[in-house]
Amino acid sequence: MTILDEDDAVAVAMEAFGIERRFINCYHCEACDVEWTDEWSCACDDECPECGRDFSPYDSDEVLPPDRMDHDVDRIVAEITARIALKK
Ligand SMILES: [Zn+2]
């Protein structure tokens with residue numbers, strides 16, 4: 001994986017600590033006027049529960065694991081971000 005920005009750095013750091021990223025994605029089907037949410041490891045498409053069409057999430061919130069503060073993720077992210085800055 002090529003680290004391009006801080007978001008990538010967070011992903012790499014969390015992977016290094018074995019922390020899975022979770023996202024709550026919000027979907028809306030215009031045809032059925034149905035809204036639903038689902039939890040995924042990324043902001044991916046989901047099927048409408050009524051008509052089965054695929055929709056991209058209109059909103060996506062990252063769920064931080066409650067034990068994240070037990071890990072030194074922020075320090076690792078800072079180090080990786082500093083390394084990215086040196087390469088530029
Ligand atoms: Zn639908």
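This briefing describes the fold, the sheet and two helix residues of one protein chain.

The structure is a predicted model, in which local features need pLDDT of at least 70 and side-chain atom pairs count only at pLDDT 80 or more, while totals for chains, interfaces and linings use all residues. Residues are numbered from 1 along each chain as its sequence is written. The protein chain contains two helices and five strands, where helices (H or I, at least four residues) and strands (E, at least two) are DSSP runs numbered from the N terminus. Along the sequence these elements follow the pattern α-β-β-β-β-β-α.

**Chain-level burial and contacts**

- Of the 88 residues in the protein chain, 6% are buried; a residue is buried if 20 or more other C-beta atoms lie within 10 Å of its own, exposed if 12 or fewer, and partly exposed in between, with C-beta atoms placed from the backbone.
- Among contacts between residues at least 6 apart in sequence, 46% join residues at least 24 apart; two residues are in contact if their C-beta atoms, placed from the backbone, lie within 7 Å.

**The sheet**

- Strands of a sheet pair through backbone hydrogen bonds, either parallel or antiparallel.
- In this model, three strands form an open sheet in the order S2-S1-S5, with antiparallel pairing; two strands pair if DSSP finds at least two bridges between them.
- Strand S2 (34-40) and strand S5 (59-63) are the edge strands, each pairing on one side only.
- From one strand to the next, the twist averages 20°; axes are lines fitted to C-alpha atoms, for helices over the stretch in contact, and angles run from 0 to 180 degrees between N-to-C directions.
- Seven bridges join strand S1 (residues 22-29) to S2 in the antiparallel sense.
- Cys-26 has Thr-37 in S2 as its bridge partner.

**Helix H1: Glu-6**

- Glu-6 lies in helix H1 and counts as partly exposed because it has 13 C-beta neighbours inside 10 Å.
- Leaving aside neighbours within four places in sequence, Glu-6 is in contact with Val-77 and Thr-81.
- The C-alpha atoms of Glu-6 and Ala-78 are 8.6 Å apart in space, although these residues are 72 residues apart in sequence.

**Helix H1: Glu-15**

- Glu-15 is also placed in helix H1 (residues 6-16), and Glu-15 is exposed because 12 other C-beta atoms lie within 10 Å.
- A C-alpha separation of 10.0 Å is found between Glu-15 and Val-73, which are 58 residues apart along the chain.
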